[in-house]
Amino acid sequence: MDRLADFLGALGGLASFTTLFHVTWSTLLGIFVGSLPGLTATMGVALLTTLTYTLDRDAAILVLICMYVGAIYGGSRSAILLNIPGTPASAATSLDGFPLAQRGEAGYAMALATAGSALGTIVGIVLLVLLAPPLGEAALGFGSFEFFWLAVFGIVISGQLTGGGRPIKGYIAGILGLMVAMVGSDGIHAHVRFSLGFSELNGGIGLIPAMVGAFGFAEVLTVMWQRRAQVASVQARSKRMLPRISDLWRFKGTIGRSGVIGTMVGIIPGVGEDIGAWASYALARRLSPERAEFGKGSREGLTAAETGNSAVVPGALIPALTLAVPGSAPAAVLIAALFIHGVRPGPMIMLEQPDFIYSIAAMLLLATLAITVFGLSLTRFFVMVMRVPREYLMPVVFTLCLIGPYALTQRVFDIWVMLAFGILGFVLRRMDYPMPPLVLGIILGDLLDKNLRRGLTLSDGDLSPFFTRPISAAFAVLIALTIAASIPAVRRGFGRLLPRRRLAGTSHEGNHR
Amino acid sequence: MSPKALRADRITAAVLFALGLAMLAGGFTMDRLEVRQIHPASIPGLVPMILGAMLALCAVLLFLGARGPATETDAETALDVSGPNLWITLALTLFYALGLVGRMPFELATALFIAGFVAVFTWPAEPGLRGRAIVLGRSAVYGVALAFAVSVLFRDGFLVRLP
């Protein structure tokens, strides 16, 4: 009850016309960014960070959260209408959303996606309020040894889950991110490393210029490189723009499960919305009595994907706030924005600003209400938005990519960083290297570096505390298992075992029938 | 994987291996701050050395994984993309960022970039003076309007001294 009272108190604290104004414009902008293929949530949050640094703390964070929620939701629009996910998070949405649109049910598909997104975020908010405080308190017991393993675990699990069929590329992306973090003054002795003679690198490579480059400039290059996407000529046979309560009630189990799965995937460091959507979709297909319909325009499949990806947003903020370890790429940028606005995420947040988590939950709820209202009322407007020609949009996006990082520090050097990371990001993405581990590496590099060396200093060079302290040992085992699972021979071994077990299970079931 | 993807992986593996070794060497030769009598386990080069070694190891594994025969043809994995569009975009953006910004007022540089970008990518395929004049006029108006809006937003809204 105390948590509910704190949450309601935070919600009341935000009640003002200024809040309403910020929620309105930033959510609309977020849906706009998300619905345009090529503009991602990470890019939106990174660019908006550069635009909000003059706002006061709560207003800036509110605007960024509304952008994040709006962009993840907005991706469903182009997934349904164009069969092109507006953001990678909506890839699973297009599987059933586009066939529904082809059947003339585009409006209803968008309504269902809106309801799924809103309900998924609400499940995530409830879990954020329930899980973040105890996780933050548990993290107070973490020492250098545990934080070192946490950083390693983040990179390994993110590399494993986002590397697709080739986790090695995920690991490489993560190591490259950690290497980027090694540039500049080290966190213990302030010794400048790898500055290559540039005094601007003494303070390290800024996360915002790097992110704006890797997600903004790289996207501009990608969008212009690809052939033009055509808006499908979708004939609207059904005018229905509101979801049927009966449908939502029928899918209540799927919505609840997808919400929980999405939030849990969000908590895993650097994994993100796309994996949340795929995991929810896969489970919904396995458990659904209408699994044959999945991929052909299943309403349940669409709901599962949208609930799953939206629930990741609050989930990704749980470790971001309590451990300073982002659950997704946009959450990594949010951490950087929090630092800019004087909030220090990490275990101490529960002591220094215990109400802050409830403020974030309240902001998420406002963003959810906004996507529900705009999603159900402005369907036609967003269809028009998707027709903005890329030739007109992309030069403006690049101008913002250039001036945004410059505005933060007033250094031309940061424009060069943005350009370098843009080209690097484009090349790496073309070669199937995932971006989330890279981002996570840049964020976690300092944590890993400081805690390994601090831990070794505390133990006088002895490695054993890294393996004998209970939480450290658990992390070490988890990391070893994760890496082992990415070795093809081990996977094949498991693969040989699993079918046998499945066959045994089938015969067992058969005996019962 | 297609032959092209396998070749790309082998080349990347070589580059990453070299980068890993460079990081390892950089960490190894880094000042160990003995004059400050720091604990030997906290030398600044420790983590760069570990990361360099890990990257070199991953590069070897990537190379080994890219040795086998191709499972797809290049045609099967080819994307529907336009190479010239990519190079034009790259040239325009780099020229704007490195050549124009800082050498002339930001508004002018931005107006030239946006107008040039729109004009290049909407240039009519069929010859005709009228069509081209319309494209040029539209691009110029769009470029000037957007450059003015962005400049005012940052200079007067966010009080940024523009480059």
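Among contacts in chain B between residues at least 6 apart in sequence, what percentage join residues at least 24 apart? In this predicted model, the share of such contacts in chain B that join residues at least 24 apart is 71%.

The confidence of the prediction was considered before the architecture. For the complex, the predictor gives an ipTM of 0.93 together with a pTM of 0.86. Within chain B the pLDDT averages 90, and 99% of the residues score at least 70. Among the elements of chain B, the highest mean pLDDT, 96, belongs to helix H5 (residues 106-121) of chain B, whereas the lowest, 70, belongs to helix H3 (residues 74-77) of chain B. Where pLDDT is low, the predicted coordinates should not be read in detail.

Chain B contains 6 helices and 0 strands, and from the N terminus on its elements follow the order α-α-α-α-α-α. The radius of gyration of chain B is 25 Å, which is well over the 15 Å given by the globule rule for 163 residues, so chain B is more spread out than a compact globule. Taken along the principal axes, the box filled by the C-alpha atoms of chain B is roughly 70 × 55 × 20 Å. Of the 163 residues in chain B, 29% are buried.

In chain A, helix H7 (residues 144-162) of chain A was examined for its length and its surroundings. At 1.5 Å a residue, the 19 residues of this helix should span 27 Å, and the C-alpha atoms at its ends are 27 Å apart, which agrees with the expectation. Because 19 of the 19 residues of H7(A) are buried, the helix is largely enclosed by the rest of the structure. Just after H7(A), a positive phi of about 65° is taken by A:Gly164.

The contact between the two chains draws 42 residues from chain A and 51 residues from chain B. On the side of chain A that touches chain B, the elements giving two or more residues are helix H8 (167-181), helix H9 (207-225), helix H18 (390-409), helix H19 (412-430) and helix H20 (436-458) of chain A. The most is given by H18(A), which supplies 10 residues to the side of chain A that touches chain B. By residue class, the side of chain A that touches chain B comprises 28 nonpolar, 8 polar and 6 charged residues.

Conventions. Residues are numbered from 1 along each chain as its sequence is written. Chains are lettered from A and ligands numbered from 1 in the order in which they are written. This is a predicted model: local features need pLDDT of at least 70, side-chain atom pairs count only at pLDDT 80 or more; totals for chains, interfaces and linings use all residues. pLDDT is the predictor's confidence in each residue, from 0 to 100. Helices (H or I, at least four residues) and strands (E, at least two) are DSSP runs, numbered from the N terminus. The expected span of a helix is 1.5 Å times one less than its number of residues. A residue is buried if 20 or more other C-beta atoms lie within 10 Å of its own, exposed if 12 or fewer, and partly exposed in between; C-beta atoms are placed from the backbone. The radius of gyration is taken over C-alpha atoms; the globule rule is 2.2 Å times the number of residues to the power 0.38. Two residues are in contact if their C-beta atoms, placed from the backbone, lie within 7 Å. Ala, Val, Leu, Ile, Met, Phe, Trp, Tyr, Cys and Pro count as nonpolar, Asp, Glu, Lys and Arg as charged, and the others, Gly among them, as polar.
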